Amino acid sequence: MYESANVSDDADRTAFRRAEKKYKLYYEQDSKFSRKKKLPKPIDLSELLDFNLILQNFNEKGLLPDGIRVSKIDSSRVFCLENRPGFYFIPGALSLEEQCKWIKESLTNFPQPPNRTNHNAIYGPITDLFDSAKENKVLVQDDLTNNKWNFCEEDIAKAKHRSCKSVSASLLLRKLRWSTLGLQFDWSKRNYDVSLPHNNIPDALCQLAKTHAAIAMPVGEEFRPEAAIVNYFGLGDTLGGHLDDMEADWSKPIVSMSLGCKAIFLLGGKSKEDLPHAMYLRSGDVVLMAGEARECYHGVPRIFTDEENAEIGALESELSHGSGHFIAEYIKTSRININIRQVF
């Protein structure tokens with residue numbers, strides 16, 4: 001699902017691809033510096049939907065932009081786009097405490113076996129990745145025949161370096177791109193493999209998903225969280241335009257929770273020729289996609305990791321006090337997305 005560098009000229013001509021290229025992070029040389037310092041290339045962000053500002057204007061003046069509707073669920077305002085039925089945006093849906101909790105879970109528990117990650121293909125199941133990175137450990141290939149890898153102290157890894165392959169846990173944490181909860185998704189076959197060992201999605205996450213999904217559910221039905229994919233984004237990472245089309249019933253929503261650095265989200269139409277809506281996603285925002293919206297292409301062309309635009313100062317401070325400096329340092333340049341699905 002992460003964007004490939006090999007995109008055809010024909011794909012470049014679609015409205016969705018043009019929007020991806022418009023908002024993607026590019027660098028340019030700063031002529032003021034003799035060593036040619038690279039700076040982010042300026043982009044025009046004036047056309048982005050900002051639901052924080054929309055909410056503020058609605059609360060103060062009762063005004064909404066054309067094509068946007070709002071409803072109230074409990075204490076939250078839920079925004080909809082008239083030309084994208086089944087799409088729901090809940091700004092600031094997660095409290096600061098909830099954001100910290102799920103960031104911590106995403107780094108410490110969600111990548112634990114039997115949950116699978118992008119590292120499984122090379123290293124097999126990896127246990128205690130976060131703690132090992134925190135302790136500056138190194139993953140060493142102990143058994144070449146059976147491809148067995150284990151974490152060990154850095155000095156032991158150096159002693160084994162000549163005969164064994166190794167990689168630092170901190171590098172593996174930074175290269176963590178996805179983990180799967182509940183029913184495991186087989187990325188090679190693009191389907192759910194019920195034969196793979198798995199744990200149920202944590203009860204607290206299930207309840208949170210059910211609460212937010214309620215507005216998008218068919219009348220009289222309750223959302224059943226059966227699988228989740230956790231995406232991890234670093235500087236320059238993107239998520240190319242795609243459909244989430246592997247679940248059996250598209251009338252049920254995908255519940256998507258944003259954590260960490262601010263991002264740009266593109267919501268297209270049923271064809272990549274349709275001009276996408278571009279909007280900000282901030283930490284604590286929740287997006288629902290159900291019904292017709294499940295047929296819409298969507299993606300993330302950019303995250304903001306600079307202090308001015310990331311907008312996570314309060315989150316960093318809360319994490320530093322409650323979860324320790326290591327998690328706070330990670331999230332300063334990262335975004336995590338948890339999307340929860342009903343498979344059957």
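Arg 341 is buried in this predicted model, because its relative accessibility of 4% falls under the 20% limit. The residue belongs to strand S19, which covers residues 335–341. Leaving aside neighbours within four places in sequence, Arg 341 is in contact with Tyr 192, Phe 223, Arg 224, Pro 225, Glu 226, Ala 227, Ile 229, Asp 244, Glu 247 and Ile 254. Thr 211 is 130 residues away from Arg 341 in sequence, and the two C-alpha atoms are 13 Å apart.

**Aromatic pairs and charges over rings**

One of the contacts of Arg 341, Tyr 192, also takes part in a ring pair with Phe 185. The centres of these two rings are 5.1 Å apart and the planes make an angle of 75°, an edge-to-face arrangement. Phe 185 and Tyr 192 are both buried.

Searching the whole structure gives eight aromatic pairs. Among them is the pair of Phe 130 and Phe 326, with 5.4 Å between ring centres and 75° between planes. This pair is edge-to-face because its angle is over 60 degrees. Are the two partners buried or partly exposed? Phe 130 is buried at 5% relative accessibility, whereas Phe 326 is partly exposed at 29%.

Ring pairs also join Phe 51, Phe 79 and Phe 89 into a cluster.

Lys 262 is placed over the face of Tyr 280, 4.4 Å from the ring centre. The charged end of Lys 262 also sits over the ring of Phe 304, at 5.2 Å from its centre.

**Helix packing around H4**

Helix H4 (residues 96–108) packs against helix H9 (residues 203–213) with the axes 12 Å apart and an angle of about 130°. The arrangement of H4 and H9 is therefore oblique. Their crossing is left-handed. On the H4 side the contact is made by Glu 98, Lys 101 and Trp 102, and on the H9 side by Ala 204, Leu 205 and Leu 208.

H4 also packs against H11, where the axes come within 10 Å and cross at roughly 65°. The crossing of H4 and H11 is right-handed. Leu 96, Gln 99, Cys 100 and Ile 103 of H4 make this contact with Ala 314, Leu 315, Glu 318 and Leu 319 of H11.

Two of these contact residues can be followed further. Glu 318 lies in helix H11, residues 313–322, and its C-alpha atom is 7.4 Å from that of Cys 100, although 218 residues separate them along the chain. Glu 318 counts as partly exposed, with a relative accessibility of 38%.

Another residue at 38% relative accessibility is Leu 171, also partly exposed. Leu 171 is found in helix H8, residues 169–174. Its C-alpha atom is 32 Å from that of Tyr 297, a residue 126 places away in sequence.

**Backbone geometry in the loops**

Most residues other than glycine have a negative phi, and most peptide bonds are trans. Which peptide bond is cis, with omega near 10°? The bond from Pro 113 to Pro 114 has this geometry. Pro 114 lies in the loop between H4 and helix H5 (120–123).

Asp 128 has a positive phi although it is not a glycine, and the residue lies in the loop between H5 and H6. Phi is also positive in Glu 311, again a residue other than glycine. Glu 311 belongs to the loop between helix H10 (307–310) and H11. The table sets out these two residues.

| Residue | Phi | Relative accessibility | Class |
|---|---|---|---|
| Asp 128 | about 60° | 34% | partly exposed |
| Glu 311 | near 60° | 42% | partly exposed |

Notes. Residues are numbered from 1 along each chain as its sequence is written. This is a predicted model: local features need pLDDT of at least 70, side-chain atom pairs count only at pLDDT 80 or more; totals for chains, interfaces and linings use all residues. Side-chain values use heavy atoms; hydrogens and water are left out. Rings of Phe, Tyr and Trp (its six-membered ring) pair if their centres lie within 6.5 Å; planes under 30 degrees apart count as stacked, over 60 as edge-to-face and the rest as tilted. Buried means under 20% relative accessible area, exposed over 50%, partly exposed in between (1.4 Å probe, protein chains only). A charge sits over a ring if NZ of Lys or CZ of Arg is within 6 Å of the ring centre and within 35 degrees of the ring normal. Axes are lines fitted to C-alpha atoms, for helices over the stretch in contact, and angles run from 0 to 180 degrees between N-to-C directions. Helices (H or I, at least four residues) and strands (E, at least two) are DSSP runs, numbered from the N terminus. Angles under 35 degrees count as roughly parallel, over 145 as roughly antiparallel, 65 to 115 as roughly perpendicular and the rest as oblique. A crossing is left-handed if the near helix is turned anticlockwise from the far one by less than a right angle, and right-handed if clockwise. Contact means heavy atoms within 4.5 Å.
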